[in-house]
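These are my notebook entries on a single protein chain. I record what I looked up, entry by entry.

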Amino acid sequence: MFKTLVNAFKIKDVRRKIMYVFLMLCVIRLGSQMPVPGVNTEYFSAFFANSTNEAFSFLNAFTGGGFDRFSIFALSITPYITSSIIIQLLTIAIPKLEELQKEGEEGRKKMTAITRYLTVALALIESAAMAIGFGRQGLLVEFNFVNAAVVIMTLTAGSTLLMWIGERITEKGVGNGISIVLLINILSRIPQDFVTLYSQFISGKSLANAALAAVIILLILLVVIVFVIILQDAVRKIPVQYSRKADPAKTPALAEKVVGRKTIGGQSTNIPLKVNTAGVIPVIFASSLMQFPIVIASFLGKGDGDGIGSEILRGLNSNNWCDPSNLQYSWGLIVYILLTVFFAYFYTSITFNPMEIANNMKKSGGFIPGIRPGKPTVEYLQKILNYIIFIGACGLVIVQVIPYFFNGVFGAQVSFGGTSIIIIVGVVLDTIKKIESQMLVRNYTGFLNNKGSNMSNSFLGY
C-alpha cells in the first residue's frame with residue numbers, strides 16, 4: 001500500500017487528484033470543529049459524560065466527533081446514506097424507479113437527483129428533531145423559534161455541503177467520495193479511542209502487565225483487521241462457458257467442439273460472487289433498527305426510569321450486552337445477530353437476481369458446465385447464493401460481536417466497533433484499487449504515446 005502511494009505521487013495527474021481529496025478532507029475536519037450558532041457547547045459534553053446511551057456514541061463516531069461538539073457537520077452524511085438505502089429498497093416496490101435504474105447513464109442521473117432531494121428532506125427532519133427534542137432540554141442557549149430555525153438550517157446546510165463534497169471527490173479525486181468522507185470521520189476518533197484504551201489497561205500498571213495488555217490489544221485489532229480483509233476480498237467464482245458458432249476454416253480459434261460433456265473451444269469466464277455480498281449494509285440496518293427506539297426516547301427525555309419500557313431500552317442498548325453483572329440484557333445481542341442475518345439475505349435478494357442472471361446467460365449462449373440452462377441454473381445460483389450469504393453474515397456477526405464482548409466484559413468503551421472496522425478496511429482497499437487502476441491507465445497511455453512517437457519517428461526516417 002505504501003509503495004502504491006509513493007508511485008502514485010510520481011504521476012502528476014494522480015498526485016493532483018490525491019491532493020484535491022486531501023484539501024477536501026481538511027475542509028471537512030475544519031467544519032467538524034465549528035459549533036452551530038446559538039447552542040450550549042457544553043450540553044453534549046455533559047450528556048455523553050453522564051449517559052451510557054450507545055446510540056449517540058455510534059452517531060458521534062460516524063460524525064468524527066462533530067456530534068458531541070454539535071458542529072455544523074453534526075449530521076455528517078448519515079442522511080445521504082439513509083436516503084440511498086431507502087431508494088435502493090424502493091426500487092423493488094416502485095416500478096418507475098426500477099425502470100430508471102435500467103436506463104443506463106440517464107437513469108442513473110435521475111436516481112442521483114432523487115437521492116439528493118430525499119437527503120435534504122431527511123436532513124431537515126433529523127435537524128428539526130434535534131433542535132426541538134434537545135433544545136427543550138438545554139441544548140439551545142434560549143429555546144425559541146429563531147434559534148431553533150438557525151440550528152435546523154445550519155445542520156441541513158452542513159449535511160448538504162458534505163454530500164456535495166463527497167460527489168466532488170468522486171468526480172475530481174480518487175475513490176468513492178461519500179465513503180471517504182465517512183472514513184475520515186471514523187479515523188479522526190481512533191486516536192482518542194487509543195488514549196482511552198491506554199488509560200484503562202496500560203497506564204499505572206507494572207511494565208510486564210502494561211506490555212502484555214498492549215500486545216493483547218494490538219493482537220486483537222490485527223486479527224480482526226486481517227479477518228475483515230479476508231471477508232471483504234473472498235469471492236466464489238462460478239464458471240460459465242459461452243458457445244461460439246464459427247466457421248472452423250476461417251476462425252479456428254472460435255470454433256467449438258463437444259467431447260462427452262465438455263465443450264472445447266468457445267469462451268470461458270466466471271461469475272464472481274462476493275462472500276460478503278451485502279457489505280456493511282446488514283450491520284447498519286440492524287444497528288439503526290435497534291437504536292431507533294433509544295433515540296426517540298432520548299428526544300422525549302425518557303428511558304432512565306423503571307418499568308417494562310425502560311427494561312426493553314436497556315436490552316436494546318449495546319453497552320449492556322455481555323456485561324457479567326447484567327447478563328439479562330444480553331438478549332438484545334441475540335436479536336441483533338438475527339437482524340443482521342435477516343438483512344444480509346434481504347438486501348442481497350433485492351440487489352442480485354439469479355433469474356435475471358440465468359436469462360442473460362441463456363440469451364448470450366452461456367451455461368454453467370454440468371447445469372442445464374433455465375430453471376436448473378436459477379436453482380443452482382440460488383443455492384450457491386444462499387450458502388455464501390450465510391457465510392458472509394456469520395463473518396459480519398463475528399466482527400461485530402468481538403468489540404461488544406470486550407466492551408461488556410472488560411469495559412473497553414471505545415467508539416470504533418465492528419461496523420467502523422469493516423468500513424475502514426473496505427474503503428481503504430477500494431481506494432487503493434482505484435489509485436492502482438488510475439496508475440495502470442496512465443502507464444498504458446504513456447506506453448501507447450511513446451510507442452506511437454517511436455513509430456512516427458521510424459516512419460519519418462529518424
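**Entry 1: strand pairing**

I began with Val235, whose bridge partner in E4 is Lys274. The two strands concerned, E1 (residues 235-242) and E4 (residues 267-274), pair in the antiparallel sense over 8 bridges. Strands count as paired if DSSP finds at least two bridges between them. I then followed E1 to strand E5 (residues 366-367), with which E1 pairs in the antiparallel sense over 2 bridges. In E5, Phe367 stands opposite Gln241. I note for reading the strands that side chains in a regular strand alternate between the two faces of the sheet.

**Entry 2: basis of the values**

The model is predicted: local features need pLDDT of at least 70, side-chain atom pairs count only at pLDDT 80 or more, and totals for chains, interfaces and linings use all residues. Residues are numbered from 1 along each chain as its sequence is written, and side-chain values use heavy atoms, with hydrogens and water left out.

**Entry 3: the chain as a whole**

I counted 16 helices and 5 strands in the chain. Helices (H or I, at least four residues) and strands (E, at least two) are DSSP runs, numbered from the N terminus. Of the 462 residues, 42% are buried; buried means under 20% relative accessible area, exposed over 50%, and partly exposed in between (1.4 Å probe, protein chains only). The accessible surface comes to about 24,800 Å², and 66% of this belongs to carbon and sulfur atoms. Such areas come from the Shrake-Rupley method with a 1.4 Å probe, and for residues only the protein chains shown count as cover. Among contacts with a separation of 6 or more, 74% are between residues 24 or more positions apart; a contact means heavy atoms within 4.5 Å.

**Entry 4: aromatic pairs**

How many aromatic pairs does a search of the whole structure find? I recorded 7. The rings of Phe285 and Phe343 have centres 5.1 Å apart and planes at 80°, so this pair is edge-to-face. It links distant parts of the chain, with Phe285 in helix H11 (residues 281-299) and Phe343 in helix H13 (residues 331-351), 58 residues apart. Phe285 and Phe343 are both buried. I next took Trp321 and Tyr336, whose ring centres lie 5.7 Å apart with planes at 45°, so the pair is tilted. Trp321 is in the loop between helix H12 (308-316) and H13, and Tyr336 is in helix H13, 15 residues apart. Trp321 and Tyr336 are also buried. Rings of Phe, Tyr and Trp (its six-membered ring) pair if their centres lie within 6.5 Å; planes under 30 degrees apart count as stacked, over 60 as edge-to-face and the rest as tilted. Ring pairs also join Phe285, Phe342, Phe343, Phe346 and Tyr347 into a cluster.

**Entry 5: positive phi**

Most residues other than glycine have a negative phi. I therefore noted Phe70, a residue other than glycine with a positive phi near 50°, buried at 1% relative accessibility. Phe70 lies in the loop between helix H4 (54-62) and helix H5 (78-90). Ser76, in the loop between H4 and H5, has a positive phi of about 55° and is buried, with a relative accessible area of 0%.
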